[in-house]
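Please look over the sequence and the model shown here before reading on.

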Amino acid sequence: MIHVQNLTYAYPGAKEKTLKNLTFKMEKGEIFGFLGPSGAGKTTTQKILYKILKGFEGEVKVGGKALEKWGKAYFETIGVGFELPNHYLKLTGKENLELFGNFYPKEKLKNISELFEQFELKDALNKRVEDYSKGMKVRLNFIRAIRHNPDLIFFDEPTAGLDPVNAHKIKQHILKLKEEGKTIFITTHNMSTADEICDRVAFIVNGELRVIEKPSILKHKHGQKRVKVELKNGKMEAFELEKLGKNADFLNFLKKDELERINTQEATLEEVFIKVTGERLAPEGGLN
Amino acid sequence: MNKPLKTTLNDFKLIFRTASLRVFLFLPLAILLVINWFLPYLIGRYPVVIDYVIFVLMVSTTETAVMFMFIYAMVLIDEKETGVAKVYGILPLKQITFILQRFTLPFLIATSFTFLVLMVQPFFDFSAGPALALSALAGLHSPLYGLAVTISSKNKMVGLVYMKIYNLFIIIPLVSFFLSKAIQPFFGIIPSYWIFVGMENMHLGEPILWPMVIGFIYSLFLIFILARIFVKRHFV
């Protein structure tokens, strides 16, 4: 679906390049996560992919066709969910969607009322957006990005600033889009979001890609192959995963008291990120 | 519904739902009232004013155009502030079409109102043809300064400041009529100068072709340059 080769970009007047030789592929129907701290180049990459930024070096192909050769039709095939909700505040949710929907072929557009119902915004249909909560505005963003039924959808920090309930809803909607066969490109610095929904993730730091892999493989590769066992009496011990069922020490330990919990010692995606890139995603105590 | 019409309707909804912009829609009417009732009253009381009526008309024509520029510039700056401009950047819409859609109506309204002012003012008997050409040139100031204000401003407060600055800038060429003829052409760098020269010629019964031709070419050239900058900056 997307093929990027040696993508390099520098903002006009900037001394340093924002993107340095990025190379990656995205398959059709995949959720691909672009992870990195603020200023790493995630949004810049997205902006290039949805043709807002021009003047890049390297090769970018979408659907087998060079990005620069795509004309107006490209924008009918893509949807973009921006990081910050951006709507006409003086217009109602419905008026906003009708206005932007007007630029797409009618037969591709999904029914506004049905979408509002699906996203639990039914009562807000005819309310001005200035009266929406943040969560409602984000959902409206989401609806606008998918209303014209695009094949390729970009989401920039889709769960940023949302409470856990709304963030969960958004993640479920993204997974539903994947079930429908959509290809989804997500940029985020939220590791749990990426871990939950992405098929593959790419770590980007200072404009360079450090790794591209499935989250499960990364966690497995960088985690310890051990289980940590805790008993009711508070005693704790760790055992190698290999041949665990035949490990006499492990079996004897279990007999000592009632079991409280057993955890695998898999690394979190954030730990993997720090290990691979040597960078943190957000300052200590940040909301990650 | 067709796209330009829908966009225009949307713009009007935004303007009518924003109290501070709604007021400006009625200012050209206020200008019309001043020209038709207040100015004749003033001349009745202070006859010396009659010598300056042509200058009042010059300012009125440009100000009429500028009012619509102000309204549209504020709508566009608001789009920038709220990030809505970015949405237009990813629509199946050519950016030049966006500019045409957003500025054709202000141009037409500005031209119509200026034409109305010129035709109903009670002081001079202008022919419709030259008055329409002059009005269209004044109308071009709406997209011209609208683009300039939008490009220069990151938010509405800055937009208001630039609006004031450009408003002063527009009337600077009036000074040229009080200076020596040799200096006058230097004011041609300010596009409104060509409206003023055209109006003076019309008032004196002289041909207005050249000031109009130069004014149109120069204004369109500036609009072209500004539109290019606008396209680069507005949607990012």
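**Interface and local features**

Chain B and chain A bury about 2,600 Å² between them, 66% of it on carbon and sulfur atoms, where buried area is the accessible area (1.4 Å probe) that two parts lose on being put together, summed over both. In chain B, the residues that lose the most area to chain A are R17(B), I90(B) and P92(B), which together make up 30% of what that side buries. This is a predicted model, in which local features need pLDDT of at least 70 and side-chain atom pairs count only at pLDDT 80 or more, while totals for chains, interfaces and linings use all residues. Residues are numbered from 1 along each chain as its sequence is written, chains are lettered from A and ligands numbered from 1 in the order in which they are written, and side-chain values use heavy atoms, with hydrogens and water left out.

**Contacts between the chains**

- On the side of chain B, 28 residues are in contact (heavy atoms within 4.5 Å) with 27 residues of chain A.
- Three salt bridges are counted between chain B and chain A, a salt bridge being a side-chain nitrogen of Lys or Arg within 4 Å of a carboxyl oxygen of Asp or Glu.
- R17(B) forms a salt bridge with E95(A), and the closest N and O atoms of this pair are 2.7 Å apart.
- At least two residues of the side of chain B that touches chain A come from each of α1 (3-16), α4 (53-82), α5 (84-89) and α6 (95-120) of chain B, helices being DSSP runs of H or I with at least four residues, and strands runs of E with at least two, numbered from the N terminus.
- α1(B) gives the most to this side of chain B, with six residues.

**F203(A) and its surroundings**

- Not counting residues up to four places away in sequence, F203(A) touches residues including L35(A), M191(A), L269(A) and F273(A).
- F203(A) and H189(A) are 14 residues apart in sequence, and their C-alpha atoms are 9.7 Å apart in space.

**A sheet in chain A**

- Four strands of chain A form an open antiparallel sheet in the order β2-β1-β4-β5, two strands being paired if DSSP finds at least two bridges between them.
- The edge strands, each pairing on one side only, are β2 (19-26) and β5 (65-66) of chain A.
- Strand β4 (residues 57-62) of chain A is joined to β5(A) by two bridges, and K61(A) has A66(A) as its bridge partner in β5(A).
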